[in-house]
Amino acid sequence: MPDHLLELRHVSQVYRAGGQQFPALQDVNLTLDDGEFAVLVGPSGCGKSTLLRIATGLQVPTSGQVLYRGQPLHGVNPRATIVFQTFALFPWLTVLRNVEVALEARGVPPEERRRRAEELIDRVGLDGFEGAYPRELSGGMRQKVGFARAMAVEPELLCLDEPFSALDVLSARALRGELLELWTGGKIPTRAILMVTHNIEEAVFMGDRIVVMDKNPGRVVAERRVPVPQPRAMKDPRLSAVVDEVYGILAGTTQPEPVELGSAPGEPGRLRALPDAAVGSLAGLLEHLAATPGGRHDLYRLAEDLGVDSDHILRTVEAAELLGFATVAEGDVALTPLGETFAEAGILARKEIFATRIRRIPLFRWLLELLEAAEGKRLRDEVVVRALALEFPAPVAERQLRVVIDWGRYAELFAYGEDTGVLFLEPTEAPTSR
Ligand code: ADP
């Protein structure tokens, strides 16, 4: 059997700080084969960046072995490159020069340097911007220069540390597409990609294999293959199945789904009322917990800390539990890895996480199907209330509608006209399968 391109064997990393030892990675075993695109996901602090540094030889682990093509890695791996979240460009150099420096450092002669840099700039879609300075470019364009520079040295192993997280949604989508095209089209000599992201949808859309990590201590808890060839369609149900599974691993399931989530209106079984909690309060709670050492908190003290009444807190905590963001045991609330991921994510990733979680809830599934089938994909809110009133007392049905609207709008599952009282589905986005 041929050697793996990269193999981490029983890798552990202990950091020492203030006389204390802190296990950042514990007994990590990971392989990456030729032709593979693997993605690391997990909450902040689970050691993803540490793992990338170790994989590229920028850091020597406390114990364990790193093999590259079957050989122990000594020092920085010259065949590997890392692209960071915000790729540091030299502000005083033009785009062309910024790419050329990487080749210069490798002793490539000037003429070839220029030719290769120009070709790469063209390939990432920045043709015509060779003479521009970083400050004249958008964030997405700057990140493209970063990719061109990383690609210039023709890395066999390309490591990406949250390369799209600092970009706006359109730039991120475009750049993901371009990277996939270079990679799957064999237009770059890269043999394998190892990417870190907070964005589970992005991970599953791009990767062949998802490596799920957890923290305290940082370790690998699960791996899942994504059994769908590229190019993929964003809405492919096989991708959604893997996304759900990864969320499930990160959230931890506390009860069987029908008990946890209830049934849809009109279906047999109990329709579970959604906790009357606003998304804003929920986000505030998760942020507060994330800022608490250990991510745990006495339930009774939360109300005091957050300056709200305990009923409010209980409803918010119940929402967090329902969505898999927190667990409650013996009066303590603790964030799940998914809750931590949410608390640390940017606004767009938060919306995606939230959307994926509420889509599991039968009440939302039911409402989306109803909207999909409705004429013009529009429904008056009173129609929804009437349907809910078959299951709940009228005032509860009214409140449920408010919660459904608050959550659904935040997740951008549907829109709602405050003045017209109409819920509607917005036209779906353009295809993004490339
Ligand atoms: P992630 O990328 O998943 O957020 P990191 O690899 O950055 O995780 O960090 C893992 C843990 O190790 C964190 O708790 C972090 O605070 C700690 N850590 C990272 N680098 C150092 C360091 N140089 N010294 C001490 N602790 C560190």
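A polar contact is a pair of N or O atoms within 3.5 Å; within protein, one atom must be able to donate a hydrogen and the other to accept it, and residues adjacent in sequence count only if both atoms are side-chain atoms.

The structure is a predicted model, in which local features need pLDDT of at least 70 and side-chain atom pairs count only at pLDDT 80 or more, while totals for chains, interfaces and linings use all residues. Residues are numbered from 1 along each chain as its sequence is written, and side-chain values use heavy atoms, with hydrogens and water left out.

**Ligand site**

| Residue | Protein atom | Distance to a ligand oxygen atom |
|---|---|---|
| Gly47 | polar backbone atom | 3.0 Å |
| Lys48 | backbone N or O atom | 2.9 Å |
| Thr50 | side-chain N or O atom | 2.5 Å |

**Helix packing**

Helices are DSSP runs (H or I, at least four residues) numbered from the N terminus. Their axes are lines fitted to C-alpha atoms over the stretch in contact, and angles run from 0 to 180 degrees between N-to-C directions. Angles under 35 degrees count as roughly parallel, over 145 as roughly antiparallel, 65 to 115 as roughly perpendicular and the rest as oblique.

The axes of α2 (residues 95–104) and α4 (residues 139–152) come within 8 Å and cross at roughly 25°, which means that α2 is roughly parallel to α4. In their contact (heavy atoms within 4.5 Å), Val95, Asn98, Val99, Val101, Ala102 and Leu103 of α2 meet Val145, Ala148, Arg149 and Ala152 of α4. By class, this contact of α2 with α4 has eight nonpolar, one polar and one charged residues. Here Ala, Val, Leu, Ile, Met, Phe, Trp, Tyr, Cys and Pro count as nonpolar, Asp, Glu, Lys and Arg as charged, and the others, Gly among them, as polar.

Helices α13 (residues 347–359) and α16 (residues 394–410) pack at about 130° with axes 8 Å apart, so α13 is oblique to α16. Ile347, Arg350, Lys351, Phe354 and Ile358 of α13 contact Trp407, Gly408 and Tyr410 of α16. The classes in this contact of α13 with α16 are five nonpolar, one polar and two charged residues.

For α14 (residues 362–373) and α15 (residues 381–389), the axes come within 12 Å and cross at roughly 135°; α14 is therefore oblique to α15. Leu363, Trp366 and Leu367 in α14 meet Val384, Ala387 and Leu388 in α15. The contact of α14 with α15 has six nonpolar, no polar and no charged residues.

Definitions and conventions. Helices (H or I, at least four residues) and strands (E, at least two) are DSSP runs, numbered from the N terminus.
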